[in-house]
Amino acid sequence: HNVAVEDCAHVVSRLFLRDESEAPAASLLLLKAVRHHGCSAMSGAIRSLFERCTSLGRKEVSHTAAWKLLRCLSEGAPPADGSSNELRAVGVHQICIEIAPTLVKRLAVSEALLGKDRLQTRAATATIVAAVNTLHLLGCTADLVEATRLIAAGGLQLNTAYSANPTQRSAVPRFDSLCVVLPAMGVLRKELPALELPLLADSVSTAVVKADWRSLDTTKILRQLVDAGLTERCVPSVQNDVHPITFLRSVDALLNDPQHVQEVSTCASIGEALLHLASSALQISHTKPDKQETIVQLFLASDKFDAGAAASGRSGYFRTRMAAAIKSAAGQWKPDEVVALAVIRLEEKLGESAKHHSGFRTLLDMAEACARSVKSPSVVKDWALSVVHLSCKCCECSRVETFLRNPLESSKEFTGERFTYCGHSTMVAQAAEKRHPGLFK
């Protein structure tokens, strides 16, 4: 009997340590063993199984699988063939509650390694999701608070075996909350929308303030902040540290993402940040095409934020302020045709209501003022250069002189042997240019 129990625990550990997706099958096997051997006989083996997996697993994926197995055990995993589940064993739920603190301790490894291993990063994120989900399901409120505290402190163990002796733990950098905790919060918000996780939110906020944005994907981080519902809290810090053009491009990408446009357009903090950075973005855009593109993106973004704010009674707020910001910035550089070309592009993209808005009328008035201020280039009515006399009167050179004296021709192409690099007519023309500099330019 004891051999059978131990063999069952060993088979289960091999099964779900090999692949975390096998957690439901492993839990089904354990539940069958509980039904066959009894809960009291299996409780020790189950506890031993989790201790073995959390202490010997050298990869974070084993820790994730342990949480998933614990959850499946608590729920009573349904059979793979879809038949009715009659394996909900009495007493297993209580064993799961008693095992949970063992897994929480696994989060207490103070030194955690993230490095550049993306697989380990994703495994750490999955561990946070699985741990919070499982503890919430079990109703272990105190353990959930402790787990989030340890996670917020950067306490996930990665790539190194757990050791009960602190002196034997590798001294390695803690993971970055932006890479691990933030994606997990986005998943948890979808799965447990009513659950508040203030400690994890504080961890992400601190990471945003200390982040080196030169090495981060701003669009990705903003998208994850939206998913986690942390934009109002974190965007003010982001706008102070991120390059204005980078921030604009990231917001533009999110507004053109069908999955995020609705939530982003209703986020007032992102809209206000864009208004705050508009002038700087236009000043930094040095070339005319860049300024034109920046004006178009800024105003189109403000149009979408107005659409999102319509329900709150602030319709037109962002377009009005954005037009004023563009006008103010344009006073510091010569707008010439930049505004006019931007208005033409906006007219093609904006809806009818936006075209009749006072904000767009402001840009249109600027374009018309620029058009009136542009001076037409002086028209040369007579192209004749009668003062030029070539030293040779041969047929080819005479053709050149006739062209120079023609008041209607400004340019002409000559071909033939005498017009090659060192040809006769070329040399004669070069001699004439020495007497009249700039003649053939």
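The model is predicted, so local features need a pLDDT of at least 70 and side-chain atom pairs count only at pLDDT 80 or more, while totals for chains, interfaces and linings use all residues. Residues are numbered from 1 along each chain as its sequence is written, and side-chain values use heavy atoms, with hydrogens and water left out.

The chain holds 21 helices and zero strands; helices (H or I, at least four residues) and strands (E, at least two) are DSSP runs numbered from the N terminus.

Nine of its eleven residues are buried, so H10 is largely enclosed by the rest of the structure. The buried set consists of Thr 218, Thr 219, Ile 221, Leu 222, Gln 224, Leu 225, Val 226, Asp 227 and Ala 228. These residues pack against H8, H9 (198–210), H11 (231–241), H12 (244–255), H13 (261–265) and H14 (268–284). After H10 comes Gly 229, whose phi is positive, near 70 degrees.

Two packed helices are described by the angle between their axes and the distance between the axes. For H10 and H12 the angle is about 55 degrees and the axes are 9 Å apart; axes here are lines fitted to C-alpha atoms, for helices over the stretch in contact, and angles run from 0 to 180 degrees between N-to-C directions. H10 is therefore oblique to H12, given that angles under 35 degrees count as roughly parallel, over 145 as roughly antiparallel, 65 to 115 as roughly perpendicular and the rest as oblique. On the H10 side, Thr 218, Thr 219, Leu 222 and Arg 223 take part, meeting Thr 246, Phe 247, Ser 250, Val 251, Ala 253 and Leu 254 of H12.

Gly 186, in helix H8 (residues 181–191), is buried at 7% relative accessibility. Leaving aside residues up to four places away in sequence, Gly 186 touches Asp 227 and Ala 228. The C-alpha atoms of Gly 186 and Gly 229 are separated by 7.6 Å, although the two residues stand 43 apart along the chain.

In the loop between H12 and H13 sits Asp 257, which is buried at 15% relative accessibility. The Asp 257 side chain makes a polar contact with the side chain of His 260 (2.8 Å); such a contact is a pair of N or O atoms within 3.5 Å, and within protein one must be able to donate a hydrogen and the other to accept it, with residues adjacent in sequence counting only if both atoms are side-chain atoms.

Further along, Arg 319 belongs to helix H16 (residues 317–330) and is buried, with a relative accessible area of 7%. Beyond residues up to four places away in sequence, its contacts include Asp 303, Asp 306 and His 357.

Finally, with a disulfide taken as a pair of cysteine sulfur atoms within 2.5 Å, the count is zero. Cys 392 has the sulfur of Cys 394 as its nearest cysteine sulfur, 3.5 Å away. Cys 392 is buried at 17% relative accessibility, whereas Cys 422 is exposed at 58%.

Definitions and conventions. Buried means under 20% relative accessible area, exposed over 50%, partly exposed in between (1.4 Å probe, protein chains only). Contact means heavy atoms within 4.5 Å.
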